[in-house]
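Student: Could we go through this model together, one piece at a time? I'd like to start with a strand and then move on to other parts.

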Amino acid sequence: MEIQNLNQTLKKIKEENYAILHININNLEWAKFVLLATKEANLDIILGASPSAIKYMGGYKTVVNLVNGLIQDLEIKTNVILHLDHGNYNDCINAINAGFKSIMYDGSKEDFETNILNTKKIVNIAKKMDITVEAEVGRIGLDISKNKSLDIQKTNIEDAKKLANTGIDLLAVAIGNIHGQYESNWKGLDFELLDKLNQEIKIPLVLHGASGIKEDDIKKAIKLGIKKINFNTELQIANAKALNDFLKNNNFLENKNYNPRILYANSNQAIYKCTLDLLNKYGKKN
Ligand code: G3H
Ligand code: ZN
C-alpha cells in the first residue's frame with residue numbers, strides 16, 4: 001500500500017451516516033501513532049499536513065516519503081490519505097509535484113472571484129493526475145489567541161453552489177466553527193445553515209475545527225452531511241498535557257528520562273489514545 005486519494009473512501013461513506021477522520025500530523029511521532037491507532041481500529045484515515053507543519057518536518061518530499069514508509073513498515077492495510085491542509089495556490093502545486101494525492105486549496109482569505117478562479121485552476125491540474133480536491137467557502141474562524149481580524153464569515157449558499165460546481169470533491173463550510181480552542185460563550189454550530197447547505201450541495205461537506213465540539217453536535221453534523229471531520233488542537237493539547245505530566249512527575253536527569261524514547265513515550269501514547277477514541281466515536285468499521 002501507499003498513500004491514496006479520497007475517491008475510494010468517499011465512495012464508501014457517501015450514502016452512510018459516518019465520516020472520515022482527518023487528523024493533522026506535526027512530526028514523525030504524530031504520523032506513526034495516528035497510523036497505529038488507525039491500524040487498531042481498521043479504518044481509513046486522512047493525515048492532514050498544513051504548509052507550516054510540512055516546512056517544520058523538512059518539506060513536501062520528506063512528508064510523502066515519511067508517510068509512505070510508515071504505511072509499509074507498520075503494515076497499514078486500510079486507505080491512508082495524505083492531504084495538504086489549507087494550502088494556497090503555490091502550496092497546492094508543491095504538494096502535487098511531491099506526490100500528494102489529495103489537497104485542499106484554501107481561497108477563503110481571497111475575494112470570492114479569486115477563490116473560484118484558483119480553485120478551477122487547481123481542479124484542472126489535479127483531475128488529470130487523479131488527485132482529490134477540497135476547497136473552502138466563507139471563512140472558518142480563528143481562536144482568541146490568533147488574529148481577530150480574520151474572523152468567521154459563515155458560508156453563503158449561492159457561493160457554496162458556485163464553488164461546488166468547479167469540480168471539487170469536498171467542500172469545507174463555515175457554520176460557526178473555528179480553529180483552535182472554543183471560548184465558553186461560543187454560540188455553537190449553525191445546524192440550520194448546515195441543513196440547507198446539505199440540501200443544495202451534492203458533494204461531501206467538511207467540518208474544520210472539530211476539536212472541542214461536543215460529541216452529540218458532531219454526530220448531528222454528520223447526519224446533516226458532514227463527511228470529513230478535521231482535528232488538530234485536541235491532539236496537540238493531549239500530547240502537551242502528557243509531556244507536561246511526565247516532566248512534573250519525573251526528574252528528566254534520572255533513569256535516562258532525557259532519552260527521547262522515554263521522554264516522549266507518554267505523549268506519543270496520548271496521540272494514539274486520542275486518535276483511537278475519535279475513530280471509535282465517529283468512524284465505522286470497513
Ligand atoms: O484543518 C485543520 C482543522 O480544521 C483542525 O482544527 O485544530 O480546531 O481541531 P482544530
Ligand atoms: Zn482547518
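Student: Which way do the residues of strand S7 point, and are they buried or exposed?

Tutor: Leu-170 and Ala-172 point one way from S7 (residues 170–173), Leu-171 and Val-173 point the other way, and all are buried, where buried means under 20% relative accessible area, exposed over 50% and partly exposed in between, with a 1.4 Å probe and protein chains only. Strands (E, at least two residues) and helices (H or I, at least four) are DSSP runs numbered from the N terminus. This is a predicted model, in which local features need pLDDT of at least 70 and side-chain atom pairs count only at pLDDT 80 or more, while totals for chains, interfaces and linings use all residues. Residues are numbered from 1 along each chain as its sequence is written, chains are lettered from A and ligands numbered from 1 in the order in which they are written, and side-chain values use heavy atoms, with hydrogens and water left out.

Student: Which strands does S7 pair with?

Tutor: S7 is joined by 4 bridges to strand S5 (residues 132–137), and the two run parallel; 2 bridges join S7 to strand S9 (residues 205–207), again in parallel. Pairing here requires that DSSP finds at least two bridges between the strands.

Student: And what stands opposite Leu-171 in S9?

Tutor: Leu-205 of S9 stands opposite Leu-171, and Leu-171 is also the bridge partner of Ala-135.

Student: Switching topic, what does UniProt list for Asp-85?

Tutor: An unreviewed UniProt entry lists Asp-85 under "active site"; such positions are given in the numbering used here, feature names are shortened, and annotations may be inferred rather than shown by experiment. Asp-85 is found in strand S3 (residues 80–87).

Student: Is Asp-85 buried or exposed, and what does it touch?

Tutor: Asp-85 is buried, with a relative accessible area of 5%. Leaving aside residues up to four places away in sequence, Asp-85 touches His-22, Asn-24, Ala-49, Ser-50, Pro-51, Met-104, His-208 and Asn-230, contact meaning heavy atoms within 4.5 Å.

Student: What about Asn-255, where does it lie?

Tutor: Asn-255 lies in the loop between helix H10 (233–249) and helix H11 (260–263), and its phi is near 50°, a positive value in a residue other than glycine. Asn-255 is exposed, with a relative accessible area of 65%.

Student: How does Lys-256 look, buried or exposed?

Tutor: Lys-256 counts as exposed at 52% relative accessibility, and its phi, near 55°, is a positive value in a residue other than glycine.
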